[in-house]
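Here's a walk through one protein model, written for someone new to reading structures. Keep the picture open as you go.

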Amino acid sequence: MHALELHEVSKVYRSGDDEIVALDHATLSVDDGEVVALVGPSGSGKTTLLSIAGGLLRPSSGSVCVAGKDISTYDDKALTAFRGASVGFVFQSVNLVPFLTARENLLVVAEMNRRGGSAAKARADLLLDELGLGARRGNLPDALSGGERQRVAIGRALMNKPGLVLFDEPTSALDTALGEQVMELIAFEVKGRGVAAVVVTHDERMADHTDRTVHIVDGRLQH
Ligand SMILES: Nc1ncnc2c1ncn2[C@@H]1O[C@H](COP(=O)(O)OP(=O)(O)OP(=O)(O)O)[C@@H](O)[C@H]1O
Ligand SMILES: [Mg+2]
């Protein structure tokens with residue numbers, strides 16, 4: 001079974017009289033434990049593809065299967081439950097809750113899924129330790145560096161043990177050395193857990209840390 005299977009997925013945005021084809025019959029399979037880099041120019045459809053894969057956006061046509069379940073048939077309620085339990089997101093902008101500490105930013109996603117308690121606390125502490133943030137767990141995001149915030153976001157995405165994690169340019173705000181470190185950490189954390197991942201990047205060098213690179217141009221995947 002594939003962790004993610006997009007079949008002939010298209011997305012057309014309408015703005016006024018214009019139609020923008022952001023994804024054009026995209027077909028992509030990602031195996032369990034596989035880390036795929038998605039590389040393409042600005043406006044080529046990368047964020048659109050991730051958003052559809054994670055159930056944040058519905059395709060105009062085509063099917064989207066995650067762990068064998070066709071999420072394109074889900075209603076809003078089922079999609080919300082799916083996002084909370086089965087998929088992790090790391091956005092470029094990181095989006096940590098500013099008034100919660102690093103540790104609380106991990107715990108809050110477990111609590112949203114009614115999975116709080118001591119098991120969640122133990123998992124948050126384990127992830128923070130692995131991500132090199134053990135001593136920073138009590139810091140608010142404002143009192144963390146950019147790379148540290150990025151690592152908290154990675155921990156948060158892994159908190160609920162999703163089968164699939166989607167990264168949208170996780171290293172673009174970091175300098176090259178730190179970007180490489182974060183990329184290595186993503187590969188290590190994801191592969192060590194048998195989690196599948198799609199990592200969007202502008203930077204071909206980041207693709208060195210993934211199993212496979214898929215290019216996208218004008219909404220079309222080039223295999
Ligand atoms: N909500 C929207 N309404 C209309 N057009 C949109 C919308 N979102 C994205 N687009 C258009 O769809 C195309 C793909 O956008 P997308 O955000 O997926 O690109 P991207 O590859 O992530 O780009 P970047 O590298 O700049 O983040 C672009 O032409 C964009 O302008
Ligand atoms: Mg984008």
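Let's start with an open sheet of 4 strands, which pair antiparallel in the order 2-1-4-5. Strand 2 and strand 5 (69-70) sit at the edges, each pairing on one side only. Keep in mind that this is a predicted model.

Now zoom in on one pair from that sheet. Strand 1 and strand 4 (residues 61-66) run antiparallel and are joined by 5 bridges. As background, strands in a sheet pair through backbone hydrogen bonds, and they can do so in a parallel or an antiparallel way.

## The whole chain

Step back and you'll find 6 helices and 10 strands in the chain. Its radius of gyration is 17 Å, close to the 17 Å that the globule rule gives for 223 residues, so the chain is as compact as a globular protein of that length.

How much of the chain is buried? Buried residues make up 39% of the 223 residues. As for contacts with a separation of 6 or more, 71% of them are between residues 24 or more positions apart.

## Inside the core

The largest nonpolar core has 56 residues. Those touching the most other members are Leu38, Ala53, Leu164, Val165, Ala197, Val198 and Val199. In general, nonpolar side chains tend to be buried together in soluble globular proteins.

Leaving aside neighbours within four places in sequence, Val199 is in contact with Val35, Ala37, Leu38, Phe167, Pro170, Ile186 and Thr210.

## Around ligand 1

Which residues surround ligand 1? They are Tyr13, Ser15, Ile20, Ala22, Gly40, Ser42, Gly43, Ser44, Gly45, Lys46, Thr47 and Thr48. Strand 1 (2-15), strand 2 (18-31) and helix 1 (46-53) each give two or more residues to this shell. Helix 1 provides the largest share, with 3 residues.

Sorted by class, the shell has 3 nonpolar, 8 polar and 1 charged residues.

## A look at Val217

Val217 is part of strand 9 (residues 212-217). Is Val217 buried, exposed or partly exposed? Val217 has 13 C-beta neighbours inside 10 Å, so it counts as partly exposed.

Not counting residues up to four places away in sequence, Val217 touches Gly40, Ser44 and Gln222. Gly40 and Ser44 also belong to the shell around ligand 1. Ala81, on the other hand, is 136 residues from Val217 in sequence and 32 Å from it in space, C-alpha to C-alpha.

Notes
Residues are numbered from 1 along each chain as its sequence is written. Chains are lettered from A and ligands numbered from 1 in the order in which they are written. This is a predicted model: local features need pLDDT of at least 70, side-chain atom pairs count only at pLDDT 80 or more; totals for chains, interfaces and linings use all residues. A nonpolar core is a set of buried Ala, Val, Leu, Ile, Met, Phe, Trp, Tyr and Cys residues joined through C-beta atoms within 7 Å. A residue is buried if 20 or more other C-beta atoms lie within 10 Å of its own, exposed if 12 or fewer, and partly exposed in between; C-beta atoms are placed from the backbone. Two residues are in contact if their C-beta atoms, placed from the backbone, lie within 7 Å. A residue is near a molecule or strand if its C-beta atom, placed from the backbone, lies within 6 Å of it. Ala, Val, Leu, Ile, Met, Phe, Trp, Tyr, Cys and Pro count as nonpolar, Asp, Glu, Lys and Arg as charged, and the others, Gly among them, as polar. The radius of gyration is taken over C-alpha atoms; the globule rule is 2.2 Å times the number of residues to the power 0.38. Two strands pair if DSSP finds at least two bridges between them.
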